[in-house]
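This report goes through one protein model, from its aromatic pairs to its strands, its pocket and its charged side chains. Please keep the sequence and the model open while reading.

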Amino acid sequence: MTTDLTTGTWALDAAHSAASFTVRHAGISRVRGQFDSIDGSMVVGDGKDDVKYTATLQVDSINTGNADRDNHLKSGDFFDAEKNPTITFTSTEVKGDKLAGELTIMGITKPVELDYEFGGVVTDPFGTKRAGVAAETTISRKEFGLTWNAALEAGGVMVSDNVRITIEAEFVAPTA
């Protein structure tokens with residue numbers, strides 16, 4: 001499957017990629033959002049499992065479809081985008097259907113493991129070689145310093161601790 005990959009640095013095609021999240025709100029529903037500004041790469045070495053991924057998300061590009069909520073998420077209550085402008089991920093190992101790496105949010109770096117799917121390699125109608133990857137994990141936002149919350153009158157809290165992160169990435173092969 002990954003044997004079709006050309007050795008070298010593949011660029012993330014941001015127009016065909018997404019970094020999104022889901023978090024439970026008020027214990028009764030889910031809020032979804034994404035980061036509209038993402039960058040990254042896939043570096044392919046000589047061995048079939050010698051693949052490394054990097055991703056950088058611009059916190060200021062957070063988009064939940066609600067400007068007031070987005071501004072609150074960018075504030076010091078959550079990401080403090082002015083002091084912590086990026087979220088980064090660097091992989092450390094690909095092993096079957098798992099992708100291990102280091103996730104940095106708010107200047108705090110933690111190891112994470114994502115469910116991983118390599119989507120394959122194709123050449124598009126314009127002659128560009130492309131590869132697709134999908135990955136998902138759930139993190140504790142508190143472990144990354146995202147601790148703001150509000151108690152609900154009926155019990156529970158406004159924002160759950162667990163955040164589901166989903167990455168859909170498309171990479172473009174290096175040119176000769």
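## Aromatic pairs

Rings of Phe, Tyr and Trp (for Trp, its six-membered ring) are taken to pair if their centres lie within 6.5 Å, and the planes count as stacked when under 30 degrees apart, as edge-to-face when over 60 and as tilted for the rest. The structure holds five aromatic pairs. This is a predicted model, in which local features need pLDDT of at least 70 and side-chain atom pairs count only at pLDDT 80 or more, while totals for chains, interfaces and linings use all residues. Residues are numbered from 1 along each chain as its sequence is written, and side-chain values use heavy atoms, with hydrogens and water left out.

Phe 78 and Trp 148 form another tilted pair, with 5.3 Å centre to centre and 50° between the planes. Because Phe 78 lies in the loop between helix 1 (67-74) and strand 7 (86-95), and Trp 148 in the loop between strand 10 and strand 11, the pair ties together parts that are 70 residues apart in sequence. Phe 78 counts as buried at 8% relative accessibility, whereas Trp 148, at 26%, counts as partly exposed. Ring pairs also link Phe 21, Phe 35 and Phe 79 into a cluster.

## Strand 11 and its partners

Two strands are said to pair if DSSP finds at least two bridges between them. Strand 11 (residues 159-172) is antiparallel to strand 10 (residues 129-140), with 11 bridges between them, and here Ala 135 stands opposite Ile 167. Strand 2 (residues 18-25) also runs antiparallel to strand 11 and is joined to it by seven bridges; along this pairing Ala 18 stands opposite Glu 168 and Phe 21 opposite Ile 165. Strand 1 (residues 8-12) pairs with strand 11 in the antiparallel sense over two bridges, and the bridge partner of Ala 11 is Val 172.

Strand 2 has a further antiparallel partner in strand 3 (residues 29-35), over seven bridges, with Ala 19 opposite Phe 35. Three residues lie between the strands of this hairpin, in which Ala 26 takes a positive phi near 60°.

## The largest pocket

On a 1 Å grid over the protein atoms alone, a pocket is an open set of points where a 1.4 Å probe fits, with protein on both sides within 12 Å along at least five of seven lines, and lining residues have an atom within 4 Å of a point. The largest pocket has a volume of about 860 Å³, a volume being the space filled by probe spheres set on the points, which are joined across faces, edges and corners.

Its lining comprises 50 residues, of which Ser 20, Phe 21, Phe 35, Val 163 and Ile 165 lie nearest the centre. Strand 11 gives the most to this lining, with seven residues. The lining residues divide into 35 nonpolar, 11 polar and four charged, where Ala, Val, Leu, Ile, Met, Phe, Trp, Tyr, Cys and Pro count as nonpolar, Asp, Glu, Lys and Arg as charged, and the others, Gly among them, as polar.

## Salt bridges

With a salt bridge defined as a side-chain nitrogen of Lys or Arg within 4 Å of a carboxyl oxygen of Asp or Glu, the count comes to six. Arg 130 takes part in one with Asp 124 (2.8 Å, N to O) and in one with Glu 170, where the closest N and O atoms are 2.8 Å apart. Arg 130 lies in strand 10 and Glu 170 in strand 11, so the latter pair ties together parts that are 40 residues apart in sequence. Asp 13, Asp 124, Arg 130 and Glu 170 are linked in a network of salt bridges, and both Arg 130 and Asp 124 are buried.

Lys 98 forms a salt bridge with Asp 115, the closest N and O atoms being 2.4 Å apart. Since Lys 98 lies in strand 8 (residues 98-105) and Asp 115 in strand 9 (residues 108-123), this pair ties together parts that are 17 residues apart in sequence. Lys 98 counts as partly exposed at 29% relative accessibility, and Asp 115 counts as partly exposed at 38%.

Technical notes: Helix = DSSP H or I, 4+ residues; strand = E, 2+ residues; numbered from the N terminus. Buried < 20%, exposed > 50% of the residue type's maximum accessible area, 1.4 Å probe, protein only.
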